[in-house]
Amino acid sequence: MEVSTKQLQIAELAATRPEESFTSLNHYLDMDWMKEAYRRTRRESAPGVDGQTMEEYGKELESNLQELIGLAKSGRYHAPPVRRVHIPKGDGKETRPIGIPTCQDKVLQRAITMLLEPIYEQDFMESSFGFRPGRSAHDALEYLWKQCMDNQVRWILDVDIRSYFDTLDHAKLREIVSQRVQDGVVRKLIDKWLKAGVMEAGEPRLEYQRLRGTHRRGLEFFSTAAKIREPDSFLREAVLKSGAKWRSGPLWHALESHFETRFDPRWVVSEPAAKNFVY
């Protein structure tokens with residue numbers, strides 16, 4: 001059976017049983033699954049702390065993947081530290097840290113992503129675009145434009161979560177993942193990646209061995225699980241805490257009936273003539 005067919009089976013189960021958790025997923029991690037994970041991993045991606053390239057990893061692909069399967073399923077896999085580099089952010093005055101995993105880590109993370117995506121794709125709203133397969137920022141902008149035109153939007157409030165990946169709560173992420181995934185192998189791997197260290201300029205950094213924060217490359221697909229909750233519930237709670245005057249204001253009314261567009265940890269709140277919400 002092809003990997004795509006197996007993913008369809010997972011997706012169908014997730015769609016028909018939205019309240020259930022998956023307790024057995026790791027049996028999908030066979031040689032065919034891992035080869036497909038390797039195929040979907042970018043060949044031109046930069047090497048991690050060990051300096052190995054994807055081309056070098058692929059020279060003994062069969063034996064490398066067989067070893068990786070054994071390590072992952074037995075619990076003996078140790079997540080290596082990521083190699084941190086900084087890239088310009090926005091106008092170039094600030095930089096964004098990017099964590100680059102090793103080739104082996106990239107393949108295993110991709111394999112786990114392939115297990116999780118069919119499940120969470122059923123839970124995401126149609127208006128969600130960030131880190132989803134076959135969706136891009138351009139798609140999000142097109143959707144937002146159409147909604148604005150159709151609903152005669154009068155004002156827009158753009159909101160961005162500052163340092164989202166740096167402050168991601170590990171316990172909260174585990175709690176949300178556990179609502180849909182209870183497979184022990186998968187959960188342990190996620191925990192190991194969350195606790196993985198960082199190498200920067202050849203020196204180890206231990207800040208990711210904390211209870212918050214994760215790398216902005218590689219673990220992004222896990223963090224998307226933390227964004228499947230309805231954002232309006234978050235905003236409603238924030239408004240309720242902010243005082244009585246806000247509960248009768250335009251933001252509260254905008255939450256009463258809304259559409260939304262999501263990309264990355266970012267919202268756009270709007271109030272059209274029909275009162276809508278965009279994320």
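Predicted model: local features only at pLDDT ≥ 70, side-chain atom pairs only at ≥ 80, totals over all residues.
1. **Overall count.** Side chains of opposite charge can pair when their charged atoms come close. Across the whole structure, the search gives 11 salt bridges.

2. **R39 and E36.** These two side chains form a salt bridge, with 2.5 Å from N to O. Both residues sit in helix α2, which spans residues 31–40. They are three residues apart there, so about one helical turn separates them. R39 is exposed, at 53% relative accessibility, because the cut-off for exposed is over 50%. E36 is buried, with a relative accessible area of 16%, which falls under the 20% limit.

3. E36, R39 and R40 are linked in a network of salt bridges. Check R40 along with the R39 and E36 pair when viewing the model.

4. **R180 and D123.** What links these two residues? R180 lies in the loop between α8 (170–178) and α9 (184–195). D123 lies in the loop between α5 (103–120) and α6 (137–151). The pair therefore ties together parts that are 57 residues apart in sequence. R180 is buried, with a relative accessible area of 3%. D123 is partly exposed, at 23%.

5. **D150 and K146.** Here the side chains meet in a salt bridge at 2.7 Å, N to O. Both belong to helix α6. K146 is partly exposed, with 49% relative accessibility. That value stays below exposed because exposed requires over 50%.

6. **How α4 and α5 cross.** Helix α4 covers residues 61–74. Its axis and that of α5 come within 11 Å and cross at roughly 65°. The two helices are therefore roughly perpendicular to each other. The crossing of α4 past α5 is right-handed.

7. **What makes that contact.** Which residues of α4 and α5 make the contact? From α4 come L65, L68, L71 and A72. From α5 come Q104, V107 and L108. By type, the contact residues are six nonpolar, one polar and no charged.

Conventions
Residues numbered from 1 in each chain as written. Heavy atoms only, no water. Salt bridge = Lys/Arg side-chain N within 4 Å of Asp/Glu carboxyl O. Helix = DSSP H or I, 4+ residues; strand = E, 2+ residues; numbered from the N terminus. Buried < 20%, exposed > 50% of the residue type's maximum accessible area, 1.4 Å probe, protein only. Axes fitted to C-alpha atoms, helices over the stretch in contact; angles between N-to-C directions. Parallel < 35°, antiparallel > 145°, perpendicular 65-115°, else oblique. Left-handed = near helix turned anticlockwise from the far one by under 90°. Contact = heavy atoms within 4.5 Å. Nonpolar A, V, L, I, M, F, W, Y, C, P; charged D, E, K, R; others polar.
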